Amino acid sequence: MRTPVMAGNWKMYKTARQAGETIRVLAGLVAGVDGVEVVICPPFTALAAAVEAAGGSGVAIGAQDCHWENEGAFTGEVAVPMIADLGCRYCIVGHSERRQFFGETDATVDKKVAAVLAQGLHCIACVGETLAEREAGQTLAVLERQVRGGLSRHLTSPRLVIAYEPVWAIGTGKTATPAQAQKAHAFIRGVAARAADPAAAQAVRILYGGSVKPDNIAALMAQPDVDGGLVGGASLDAASFAKIVRFRG
Ligand code: PGA
């Protein structure tokens, strides 16, 4: 049994004060929800306030990126021990916006996932094809390359979570259909089985991301290989994200 994970990716939104307020409201709205891991990933500047606001609730806090070294001369970067020290329990790695705008590659994803897992944090590692890749019929090849290139060394970690986020569905309001998501998730699980071992592939949670909303999450979660959501826009509002967390109704 894979416990579902609902993770909010706040991207470059909310100050520390705004983050604290939203998380306090969210914590109240999801209190008593069993069997779902709830995660919010605010900007670095709001992590401390977010951890404080989430204190004692079931809401875990995560960062959106990290450096792969534990410290060093890397101006502007943040190391995983610093993130862990704040009380964060998760870190997103390899988001398509990092790949598109900040030079993230499968090789840097591999190093960052290693750094996150080594500190005992959960890592939400993102994969997904662009629209051009999908239209060229390359979706499965891209997913295989990203999983093998960035994640193969880490697939047996119980703290690795994979997020399948088709780039064309992010922030566009164009969700993958449940069938499209299921096909990609089952394929990723198959790659994981071949790259690591079948038991690890069965255990790893695979989240869907890309225009997840309160009204489409139930159909996505009904798919056998969809184990949760990585939610951008719809996670910024506590009531809307709480509805996603309460996808069972
Ligand atoms: P979205 O973003 O839910 O706003 O499409 C998802 C993501 O980028 O993680």
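Helices (H or I, at least four residues) and strands (E, at least two) are DSSP runs, numbered from the N terminus. This is a predicted model, where local features need pLDDT of at least 70, side-chain atom pairs count only at pLDDT 80 or more, and totals for chains, interfaces and linings use all residues. Residues are numbered from 1 along each chain as its sequence is written, and side-chain values use heavy atoms, leaving out hydrogens and water.

**Stop 1: serine 211**

Select serine 211. It lies in the loop between β7 (205-209) and α10 (217-221). Its relative accessibility is 9%, so serine 211 counts as buried (buried is under 20% relative accessible area, exposed over 50%, partly exposed in between, with a 1.4 Å probe and protein chains only). Now check the backbone. Serine 211 is not a glycine, yet its phi is positive, at about 60°. Most residues other than glycine have a negative phi.

**Stop 2: lysine 14**

Go to the loop between β1 (5-9) and α1, and pick lysine 14. Lysine 14 also has a positive phi, near 85°. Its relative accessible area is 22%, so lysine 14 is partly exposed.

**Stop 3: glycine 35**

Next, select glycine 35, in the loop between α1 (16-30) and β2 (37-41). With a relative accessible area of 42%, glycine 35 is partly exposed. Which residues does glycine 35 touch, not counting those up to four places away in sequence? They are Thr3, Pro4 and Arg248 (contact means heavy atoms within 4.5 Å). The C-alpha atoms of glycine 35 and valine 127 are 25 Å apart, and 92 residues separate the two along the chain.

**Stop 4: two cysteines**

Show cysteine 66 and cysteine 91. Cysteine 66 is buried, at 1% relative accessible area. Cysteine 91 is buried too, with 1% relative accessibility.

**Stop 5: α5 against α7**

Finish with helix α5 (residues 106-118) and helix α7 (residues 139-151). They pack at about 45°, with axes 7 Å apart (axes are lines fitted to C-alpha atoms, for helices over the stretch in contact, and angles run from 0 to 180 degrees between N-to-C directions). Color the contact residues. Asp106, Val109, Asp110 and Val113 of α5 meet Arg145, Gln146, Gly149, Gly150 and Leu151 of α7.
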